[in-house]
Amino acid sequence: MLFNSFEFVALVLVTFGLYYLPFLRRIQVPILIAASLFFYGYTNPKLLILFLVSVIINVTTSYLVVHGLPQRRRAYATVGVVMNLLILAFFKYSPLFGRTFFPPGHSVGEFLAYVPLPIGISFFTFEGISLVVDAYRGRDIPKYRSLVAKSITRHAINTTFFVAFFPHLVAGPILKAHDFIPQIKEKFFGELDWQYCYKALVTGYFLKMVIADQLNHHTFWIQYPYFETHSTFVLLTLLFGYSIQIFADFAGYSLIAIGVAGLFGYQLMQNFNFPYISTSFSEFWRRWHISLSTFLREYLYIPLGGNRKGQARTYFNLMITMVLGGLWHGAAWSYAVWGTFHGLALAVERFWRDRHPAPEKPSVLRQILSGLLVFSFVTLAWLLFKLTDFGHVIKFMQALFNNTGFSSYMAIVVYVALYSTPVVLYHLYYLYKTHNPTHTLARRAEPYVYGLMFFLIVTNSGIGTDFIYFQF
């Protein structure tokens with residue numbers, strides 16, 4: 001069920017109406033669980049079986065970690081994490097293993113190649129791991145111990161709600177148990193922050209329906225073999241357009257999720273913080289897909305030793321984290337290569353920074369050049385997201401260098417520039433606000449800007465497409 005579909009709007013309205021009825025207030029969480037399961041199983045009810053198996057595993061192991069035999073808590077936590085990873089590995093990476101390690105026509109390879117990929121499995125698996133690990137880490141800390149209720153029934157309800165809450169279920173933001181479960185309590189209609197929800201929803205739908213869906217019509221030309229007929233200038237424009245599209249698509253989804261969750265009184269973490277103003281690769285990863293980057297840092301990079309075990313180990317930990325983070329995105333080696341590129345960029349940047357510390361107040365020119373370097377690298381790396389076949393990536397790069405003499409189809413350039421401009425202004429406005437805290441004029445203009453975005457959602461949306469991150 002897409003966020004920009006009539007069915008989704010109807011589901012939100014009906015659930016919202018029931019949720020705040022005074023005589024149903026005591027069952028607010030079961031109402032949201034029912035709505036979430038309906039949302040997840042709407043197009044394929046069979047998916048609910050695996051999802052509920054995952055929930056049962058996490059309910060059982062996290063409960064035993066806190067309330068089971070003390071000498072077995074580590075074993076319970078290990079079983080919980082391993083089972084989550086095995087489910088993820090089987091359903092997400094079987095096709096990759098089948099294609100890589102078995103010859104065409106081999107029965108085992110054919111079987112693995114056709115294992116279905118349940119939507120959202122990468123997200124709810126990570127959230128299950130978060131619950132089990134948080135329960136284990138905090139077994140002696142009251143704040144964390146409260147994550148797992150004494151009553152197994154209450155714990156099962158809380159866990160199911162934490163993982164299933166439909167705004168974040170299929171594409172995040174990836175919630176952490178210690179952030180979300182303490183928010184579970186009765187909510188009141190009078191406490192709603194309407195302005196917060198309105199801004200998130202309007203901005204999110206605008207980014208998705210007006211920017212990402214419109215750009216999708218044009219970045220289509222990046223696909224093989226269509227790119228081979230275009231000039232170098234058009235190919236660079238298409239890469240730029242795809243960079244804007246993937247931001248608008250995923251940031252738009254995240255803002256819609258944040259806005260819808262806000263309607264039910266729950267706050268989800270900010271997932272994007274104007275990533276294209278970043279002047280370093282480490283800053284980019286503090287601003288892009290924040291819920292994933294913080295998850296990888298808290299549950300992988302730091303447990304591996306982080307930067308506490310010397311320089312060589314720090315570089316190794318960075319590479320492992322980014323390669324696995326790349327593979328998390330999809331069952332194709334191109335995602336691992338994408339992660340490797342970012343890992344190398346972070347390692348080289350760290351190596352350079354350790355030997356040439358940046359000035360406390362870098363010049364504007366230095367910041368602009370650094371920002372362009374980071375944006376160019378990130379944009380080029382997105383090619384591995386769009387073209388998951390290495391052969392096609394190589395052909396695209398060859399076309400990029402060889403097609404300098406081709407005539408340019410300027411309509412593509414104009415449309416990409418037109419629909420990319422709002423995202424560029426979106427980032428520039430953030431910079432303006434940051435450097436002008438009193439920005440009275442801009443603040444006065446905000447209602448008109450939100451009104452314009454709402455108008456364009458109604459009048460100039462593109463043809464609805466799946467969110468790019470749904471495939472992960």
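Q: Hi! How are H3 and H4 oriented to each other, roughly parallel or roughly antiparallel?
A: Hi! This is a predicted model, and in it H3 and H4 are roughly antiparallel to each other. Helix H3 covers residues 47-67 and helix H4 residues 73-101, and their axes cross at roughly 165 degrees, coming within 7 Å. The cut-off for roughly antiparallel is over 145 degrees, so the pair falls in that class.

Q: And what's the handedness of that crossing of H3 and H4?
A: The crossing of H3 and H4 is left-handed.

Q: Which residues in H3 and H4 meet?
A: From H3 there are Leu50, Ser54, Ile57, Asn58, Thr61, Leu64, Val65 and Val66. On the H4 side they meet Arg73, Tyr76, Ala77, Val79, Gly80, Met83, Asn84, Ile87 and Phe91. Sorted by class, the contact of H3 with H4 has 11 nonpolar, 5 polar and 1 charged residues.

Q: OK, and how do H3 and H6 lie, parallel or antiparallel?
A: H3 and H6 are roughly parallel to each other. Helix H6 is residues 121-137, and its axis crosses that of H3 at roughly 10 degrees, with the two coming within 8 Å.

Q: Which residues of H3 and H6 make the contact?
A: H3 brings Leu50, Phe51, Ser54, Asn58, Thr61, Ser62, Val65 and Val66. H6 answers with Ile121, Phe124, Gly128, Ile129, Leu131, Val132, Ala135 and Tyr136.

Q: Let me jump to Thr159. Buried or exposed?
A: Thr159 is buried, with a relative accessible area of 1%. Thr159 sits in helix H8, residues 152-164.

Q: What does Thr159 touch?
A: Leaving aside residues up to four places away in sequence, Thr159 touches Val59 and Leu131.

Q: What box do the C-alpha atoms fill, and what share of residues counts as buried?
A: Along the principal axes, the C-alpha atoms fill a box of roughly 70 × 55 × 55 Å. As for burial, 52% of the 472 residues count as buried.

Q: Back to packing. At what angle do H10 and H20 pack?
A: About 45 degrees, with the axes of H10 (residues 194-219) and H20 (residues 440-459) 9 Å apart. That makes H10 oblique to H20. The crossing of H10 and H20 is left-handed.

Q: What makes that contact of H10 with H20?
A: H10 supplies Tyr198, Lys199, Val202, Thr203, Tyr205, Phe206, Met209 and Val210. H20 supplies Glu446, Tyr450, Gly451, Met453, Phe454, Leu456 and Ile457. By class, the residues of the contact of H10 with H20 are 11 nonpolar, 2 polar and 2 charged.

Q: And Ile211, where is that found?
A: Ile211 is found in helix H10, and at 1% relative accessibility Ile211 counts as buried. Not counting residues up to four places away in sequence, Ile211 touches Phe206, Ile244, Ala248, Tyr419, Pro422 and Val423. The C-alpha atoms of Ile211 and Leu418 are separated by 9.4 Å, though the two are 207 residues apart along the chain.

Q: What about phi of Phe274 and His289?
A: Phe274 has a positive phi, near 50 degrees, and is not a glycine. Phe274 is in the loop between H11 and helix H12 (281-287), and at 14% relative accessibility counts as buried. His289 also has a positive phi, about 40 degrees. His289 is placed in the loop between H12 and helix H13 (290-304), and it is buried at 0% relative accessible area.

Conventions
Residues are numbered from 1 along each chain as its sequence is written. This is a predicted model: local features need pLDDT of at least 70, side-chain atom pairs count only at pLDDT 80 or more; totals for chains, interfaces and linings use all residues. Side-chain values use heavy atoms; hydrogens and water are left out. Axes are lines fitted to C-alpha atoms, for helices over the stretch in contact, and angles run from 0 to 180 degrees between N-to-C directions. Helices (H or I, at least four residues) and strands (E, at least two) are DSSP runs, numbered from the N terminus. Angles under 35 degrees count as roughly parallel, over 145 as roughly antiparallel, 65 to 115 as roughly perpendicular and the rest as oblique. A crossing is left-handed if the near helix is turned anticlockwise from the far one by less than a right angle, and right-handed if clockwise. Contact means heavy atoms within 4.5 Å. Ala, Val, Leu, Ile, Met, Phe, Trp, Tyr, Cys and Pro count as nonpolar, Asp, Glu, Lys and Arg as charged, and the others, Gly among them, as polar. Buried means under 20% relative accessible area, exposed over 50%, partly exposed in between (1.4 Å probe, protein chains only).
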